[in-house]
Amino acid sequence: LTAIAVGAISYFALRTPDSACETDIELDGDWVVTAKTDGEFLGHVNIIQNICEPHFMLSGNLSSADKSREVDFSSKIGGFDDGEILFVYENFSGEIGVCRGIIPAGIVETFSVKCVDLIGADRNDSPNSHIVFDRVAK
């Protein structure tokens, strides 16, 4: 999986910009997220994507239902191609990992990813998670 993370960073970081519109997928905006690891976490994510570009950045937070555990996280590099979405994340507990999922074309209202912690101490003893993103109505 480390190779996937390195490949993702290399692919999206080293792409040369194209003047034509490269995608009809639109992720820019606010999202409500539900993460399932060793329990259920709810939170919000903001995705920043320039229109027509197949890459993005995101930041957000998750908290357990009883608010006893919270985590802030971000991704400086993410992208999608041929119906697949991939991003590398880092949380403020020192974990770094990769998330991968399927993304529909057009203005996306919901999508999900599977995530794996790759680097850092696993604070929740659960290196895998499933996150569902639902767009916040404008």
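**A walk through the fold**

Guide: Start with tryptophan 31: at 0% relative accessibility, it counts as buried. Buried means under 20% relative accessible area, exposed over 50%, and partly exposed in between (1.4 Å probe, protein chains only). This is a predicted model, in which local features need pLDDT of at least 70, side-chain atom pairs count only at pLDDT 80 or more, and totals for chains, interfaces and linings use all residues. Residues are numbered from 1 along each chain as its sequence is written, and side-chain values use heavy atoms, with hydrogens and water left out.

Visitor: Which ring does tryptophan 31 form an aromatic pair with?

Guide: Phenylalanine 133. The structure holds six aromatic pairs. In the pair of tryptophan 31 and phenylalanine 133, the geometry is edge-to-face, with 6.4 Å centre to centre and 80 degrees between the planes. Rings of Phe, Tyr and Trp (its six-membered ring) pair if their centres lie within 6.5 Å; planes under 30 degrees apart count as stacked, over 60 as edge-to-face and the rest as tilted.

Visitor: Where do tryptophan 31 and phenylalanine 133 lie?

Guide: Tryptophan 31 lies in strand β1 and phenylalanine 133 in strand β8, so the pair ties together parts 102 residues apart in sequence. Phenylalanine 133 is buried, at 2% relative accessible area.

Visitor: What about the rings of phenylalanine 56 and phenylalanine 87?

Guide: Their centres are 6.0 Å apart and their planes at 70 degrees, so this pair is edge-to-face. Phenylalanine 56 is in strand β3 and phenylalanine 87 in strand β5, 31 residues apart. Both phenylalanine 56 and phenylalanine 87 are buried. Ring pairs also link Trp31, Phe56, Phe80, Phe87, Phe111 and Phe133 into a cluster.

Visitor: Step back. How many helices and strands are in the chain?

Guide: One helix and eight strands. From the N terminus, the order is α-β-β-β-β-β-β-β-β. Helices (H or I, at least four residues) and strands (E, at least two) are DSSP runs, numbered from the N terminus.

Visitor: Which residues touch the most other members of the largest nonpolar core?

Guide: Leu27, Phe111, Val113 and Phe133, out of 25 residues in that core. Strands β1 (29-36), β2 (40-48), β3 (55-64), β4 (70-81), β5 (84-91), β7 and β8 (128-135) each supply at least two of its residues. A nonpolar core is a set of buried Ala, Val, Leu, Ile, Met, Phe, Trp, Tyr and Cys residues joined through side-chain atoms within 4.5 Å.

Visitor: And what does leucine 27 touch?

Guide: Leaving out residues up to four places away in sequence, its contacts include Ile47, Phe56, Phe80, Phe111 and Arg135. Contact means heavy atoms within 4.5 Å.

Visitor: New topic. Which cysteines does a disulfide join?

Guide: Cysteine 99 and cysteine 115, with S to S at 2.0 Å. A disulfide is a pair of cysteine sulfur atoms within 2.5 Å, and the count here comes to one. Cysteine 99 sits in strand β6 (residues 96-102) and cysteine 115 in strand β7 (residues 110-119), 16 residues apart. The link is right-handed, with 110 degrees about the S-S bond.

Visitor: Are cysteine 99 and cysteine 115 buried or exposed?

Guide: Cysteine 99 is buried at 1% relative accessibility, and cysteine 115 is buried at 2%.

Visitor: Last one. Is aspartate 117 buried or exposed?

Guide: Buried, with a relative accessible area of 17%. Aspartate 117 is in strand β7. Its side chain makes a polar contact with the side chain of tyrosine 89 (2.3 Å). A polar contact is a pair of N or O atoms within 3.5 Å; within protein, one must be able to donate a hydrogen and the other to accept it, and residues adjacent in sequence count only if both atoms are side-chain atoms.
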